[in-house]
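This report describes selected local features of one protein model. The sequence and structure are shown first.

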Amino acid sequence: MRRLFGTDGVRGVANTEPMTVETALAMGQAAAYLFRGKNGRHKIVIGKDTRLSGYMFETALSAGICAMGGDVLLVGPMPTPGIAFLTKSMRADAGVVISASHNPYPDNGIKFFGRDGFKLPDDVESRIEGLMYGEHLKEYRPPSPQIGKAQRIDDATGRYIVYLKSTFPAHLSLEGLRIVVDCANGAAYRIAPLVFSELGAEVIPVGVSPNGVNINDQCGSLNPEVVSAKVKDARADLGISLDGDADRVIVVDQKGEIQDGDRIMAICAGEMARKKMLAKNTVVATVMSNIGLELYLKEQKIKLLRAPVGDRYVVEAMRAGKYNFGGEQSGHLIFLDHATTGDGVLAALQLLAVMVESGKNVSELGKGLVVFPQMLHNIRMKRRVPLESMKGLRKAQAEFEKGLGSRGRILVRYSGTEPLLRIMAEGENLAEVEAIVKALGDKAKEESR
């Protein structure tokens with residue numbers, strides 16, 4: 001059983017187990033050993049978001065990698081998808097991201113990309129854990145002359161900006177568009193505004209003053225109402241709300257209405273299908289995507305496949321089935337023809353391309369999608385009680401599912417990154433959905449005592 005890695009790397013409160021300097025040092029050593037190249041020296045890219053603790057983990061990881069003979073390429077604050085891109089483009093042996101994504105600033109996390117720019121599969125993460133907690137890692141230390149070195153890559157930001165702009169159709173421009181861009185005081189605070197403005201848009205930036213402790217604080221994709229208010233106030237054409245590591249995006253239309261990843265998938269999948277660019281006419285979403293998306297795509301003769309929650313599982317399903325588009329309701333959108341992981345800025349550019357080419361705004365483009373009432377209740381658990389042992393909860397869930405039939409769904413699962421039990425229900429009647437979520441939540445609390 002894995003001790004450290006969740007659905008998206010290792011995550012927790014900084015300076016508290018497991019997110020300690022000791023863990024980062026050992027993780028750097030294990031990764032450097034595991035990803036060592038076949039010939040000569042090997043190199044690993046390290047990037048981070050804007051959390052204060054990022055300095056601490058960056059130093060510890062670098063020390064671990066150098067101690068095992070690896071060279072470190074430091075790129076500083078950089079979106080998670082930027083690390084995936086740089087790892088592959090710089091022919092590095094691996095990439096490391098120091099970020100807790102949308103979590104508050106006291107948290108931090110570490111996740112890895114392979115040399116192909118994809119997140120690591122579970123078995124490779126398990127091998128890293130095995131090395132960290134095994135007895136033999138210290139035996140693999142190289143002699144002193146073979147210790148690695150670290151260096152800053154000063155033009156990493158420019159490289160990523162050029163790449164992002166290259167994914168926007170060359171014959172189109174954002175001139176004439178006014179866009180509000182909320183960077184969550186996170187990793188994209190310098191990059192995102194430049195990308196949209198260099199393509200011609202008038203950019204109104206929000207959340208671009210990180211101080212180490214304000215990432216995701218009253219801004220970003222978990223607080224899209226901030227951008228909504230700004231869009232209405234500035235009469236903007238679109239609002240773009242990124243999370244702390246900019247791998248997800250929520251948008252706001254010109255009316256100030258918040259549109260999640262399901263809406264973006266509906267718009268982009270429809271356009272890709274129209275241009276015959278949607279592989280196998282299929283979209284890969286997760287179990288959390290609204291049933292309304294499934295019904296909408298069905299009307300467009302587009303198939304929807306559901307993967308477990310987590311963009312890495314969406315990507316795995318896409319690669320296994322040779323599909324090229326997928327994502328999550330939370331705003332991870334994966335355009336596999338352009339990128340190897342969710343990229344908030346890149347996804348916003350693809351949506352803007354549809355807007356510019358069609359001459360329509362987001363509210364017009366996505367009006368065919370009818371979102372069913374969906375309720376999500378998160379219960380903080382003192383202990384992780386196996387769901388199969390909560391028989392009362394399971395029985396109640398089955399009875400409610402029978403009542404909803406094919407026009408609704410219930411999902412009960414544990415979070416992969418936090419000690420939360422997540423209960424989701426959706427159906428045509430909001431009052432019914434609310435009652436179901438409350439009843440199941442009460443049952444879970446009762447059976448976890």
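The side chain of Arg-263 reaches the backbone oxygen of Leu-369 at 3.1 Å. The model is predicted, with pLDDT of at least 70 needed for local features and 80 or more for side-chain atom pairs, while totals for chains, interfaces and linings use all residues. Residues are numbered from 1 along each chain as its sequence is written, and side-chain values use heavy atoms, leaving out hydrogens and water.

Arg-263 belongs to helix α8; helices are DSSP runs of H or I with at least four residues, strands are runs of E with at least two, and both are numbered from the N terminus. Arg-263 is buried but has no salt bridge, where buried means under 20% relative accessible area and exposed over 50% (1.4 Å probe, protein chains only), and a salt bridge places a side-chain nitrogen of Lys or Arg within 4 Å of a carboxyl oxygen of Asp or Glu. The nearest side chain of opposite charge, Asp-260, is 5.9 Å away. Beyond neighbours within four places in sequence, Arg-263 is in contact (heavy atoms within 4.5 Å) with Gly-366, Lys-367, Leu-369 and Val-371.

Helix α3 is largely enclosed by the rest of the structure, because 8 of its 10 residues are buried. Among these are Ile-83, Phe-85 and Leu-86. Elements covering the buried residues include β2 and those tabulated here.

| Covering element | Residues |
|---|---|
| β3 | 70-77 |
| β4 | 94-98 |
| β5 | 107-114 |
| α5 | 156-166 |

Arg-91, which follows α3, has a positive phi near 55°.

Elsewhere, Leu-52 lies in the loop between β2 and α2 and is exposed, with a relative accessible area of 52%.

Note on methods. Lys, Arg positive; Asp, Glu negative; His and termini not counted. Polar contact = N/O pair within 3.5 Å; in protein donor to acceptor, adjacent residues only side chain to side chain.
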